[in-house]
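Please view the sequence and structure below before reading on.

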Amino acid sequence: MYPQSELALLAARKIELRTRIGINRAACAQATARLTRPLAYLDQALAAWRRLSPLILSLGLPLGLILQRSFAPRLKKITTVLRWGPLAISTLRILTARTSVRR
């Protein structure tokens with residue numbers, strides 16, 4: 001068996017090692033939180049878009065018709081975008097859903 005002094009030295013080293021591991025874990029946790037903060041903002045933005053997108057899509061056509069009546073000669077390009085926008089967005093959603101399923 002080990003003499004008592006060597007056991008005490010090993011116990012002290014063990015405590016020191018555990019302390020360093022705890023400090024390193026805390027530093028890693030802080031770095032991870034700092035690095036993932038932009039991802040949290042992006043996640044919140046995507047959640048907000050998912051809540052608002054049906055409303056935006058449903059308002060696109062009536063808004064396009066109103067703009068077409070009042071500003072038809074000047075805003076022909078905008079009304080075209082508003083008319084075909086919902087179709088393009090839904091097509092894009094379908095395509096992105098298929099690519100995410102493949103992954």
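In this predicted model, W49, L52, L55, I56, L59 and I89 together make a nonpolar surface patch of about 540 Å². Helix α1 supplies the largest share of that patch, namely five residues, and L55 is found in this helix. With a relative accessible area of 48%, L55 counts as partly exposed, because that class lies between the limits of 20% and 50%.

Buried residues account for 6% of the 103 residues, and the secondary structure consists of two helices and zero strands.

Turning to charged contacts, a search of the whole structure finds one salt bridge. This salt bridge joins R20 to E16, with 4.0 Å between the closest N and O atoms. Both R20 and E16 lie in helix α1, which covers residues 4-71, and they are four residues apart, or about one turn of the helix.

| Residue | Relative accessible area | Class |
|---|---|---|
| R20 | 47% | partly exposed |
| E16 | 45% | partly exposed |
| L55 | 48% | partly exposed |

Helix α1 thus holds both R20 and E16, and it also contributes five residues to the nonpolar patch.

Technical notes: Residues are numbered from 1 along each chain as its sequence is written. This is a predicted model: local features need pLDDT of at least 70, side-chain atom pairs count only at pLDDT 80 or more; totals for chains, interfaces and linings use all residues. Side-chain values use heavy atoms; hydrogens and water are left out. A salt bridge is a side-chain nitrogen of Lys or Arg within 4 Å of a carboxyl oxygen of Asp or Glu. Buried means under 20% relative accessible area, exposed over 50%, partly exposed in between (1.4 Å probe, protein chains only). Patches are made of residues with over 30% relative accessible area and no salt bridge: like charges are joined within 9 Å, nonpolar side chains (Val, Leu, Ile, Met, Phe, Trp, Tyr) within 5 Å. Accessible areas come from the Shrake-Rupley method with a 1.4 Å probe; for residues, only the protein chains shown count as cover.
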